[in-house]
Structures are given as C-alpha cells and as structure tokens.
Amino acid sequence: MSSHYKSVIAGKQEEPIKLRQNYPNVTILDHVEGDKKFQLLANAKVAISLSKFENCSMAILEALSVGTPVVAWDVGGNAEMAPPNILRVAQLGSIKEFVSLINLMSTREYLVKDCESVLDILNVP
C-alpha cells in the first residue's frame, strides 16, 4: 500500500485484523455508526467494498449517499447500483484491477472531471 494514502478500515470484525507489518497510515476501527460513519465516508476520496457476497451493500449505498466514489467487486448487483463515474467494479479476485480502480477513482483529475455529474446523479443543486 502506498504511503501517500491514509486508509481507514472500519466495520464489525469476526477476528481482529492483523496487518503483516506496521502501516502508520492505516487506522483500524471497529463498527462505526451514525454521524461518525457518514463523516468518515464524506471525507473519503474513495470508499471500497470488499464483500464477495452482498447483493446490495448498505456500505456502498451509504458512500454513494454522501457523494463518495466507490470501488467494489463485480458481484451481485454492484455494477448496477450507480453509473461508472461514481461506482466502479473489478472482476472478483483481480486485485491488480481493484487497486487500479482505487487509484483511478481517487485522483484529483478524475474527481474534478466527474464532480458535476456526481452531483447531478445525487440531485444536488
């Protein structure tokens, strides 16, 4: 993981997440609710959904609701939840494609280029 990314991993965990090494730019949070959750999502350049099984992920819907672009696996109906300028999907298991989409969706050029269309999708004046 590039050190220029600040990453937050949040969510209920069956077992505590253990990273292979210490990454000072990675913060691991337990389950987050309410205003704090939406603040985290709104402040993110991109949200990712790693679920391989959810058909209509609440995490994706919540990120989209605050205008945060999302990268997810192409499972269930993920590809149909929003247009590709705000939601991109990678073939399940293709980590290289997933990372490439995260990089694309988090670039300033991409965000500025598609900002107006995202606001139109979300019906924001």
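This is a predicted model: local features need pLDDT of at least 70, side-chain atom pairs count only at pLDDT 80 or more; totals for chains, interfaces and linings use all residues.
In the model, local features require pLDDT of at least 70 and side-chain atom pairs count only at pLDDT 80 or more, whereas totals for chains, interfaces and linings use all residues. Residues are numbered from 1 along each chain as its sequence is written, and side-chain values use heavy atoms, with hydrogens and water left out.

Helices (H or I, at least four residues) and strands (E, at least two) are DSSP runs, numbered from the N terminus. An open sheet is formed by 3 strands in the order β3-β4-β5, with parallel pairing; two strands pair if DSSP finds at least two bridges between them. β3 (47-49) and β5 (87-90) are the edge strands, each pairing on one side only. From one strand to the next, the twist averages 20°, with axes fitted as lines to C-alpha atoms (for helices over the stretch in contact) and angles running from 0 to 180 degrees between N-to-C directions. The parallel strands β4 and β5 are joined by 4 bridges, and Trp73 stands opposite Ala90 in β5. Helix α2 packs on the sheet and touches β3, β4 and β5 (contact: heavy atoms within 4.5 Å); the direction of α2 makes about 165° with that of β4.

The largest nonpolar core comprises 10 residues, including Leu41, Ile60, Leu64, Val70 and Ala82. Such a core is a set of buried Ala, Val, Leu, Ile, Met, Phe, Trp, Tyr and Cys residues joined through side-chain atoms within 4.5 Å, where buried means under 20% relative accessible area, exposed over 50% and partly exposed in between (1.4 Å probe, protein chains only). Two or more residues of this core come from each of α2 (58-65) and β4 (70-73), and α2 gives the largest share, 3 residues. Apart from this core lies another, of 9 residues, among them Val46, Ala90, Phe98 and Ile102.
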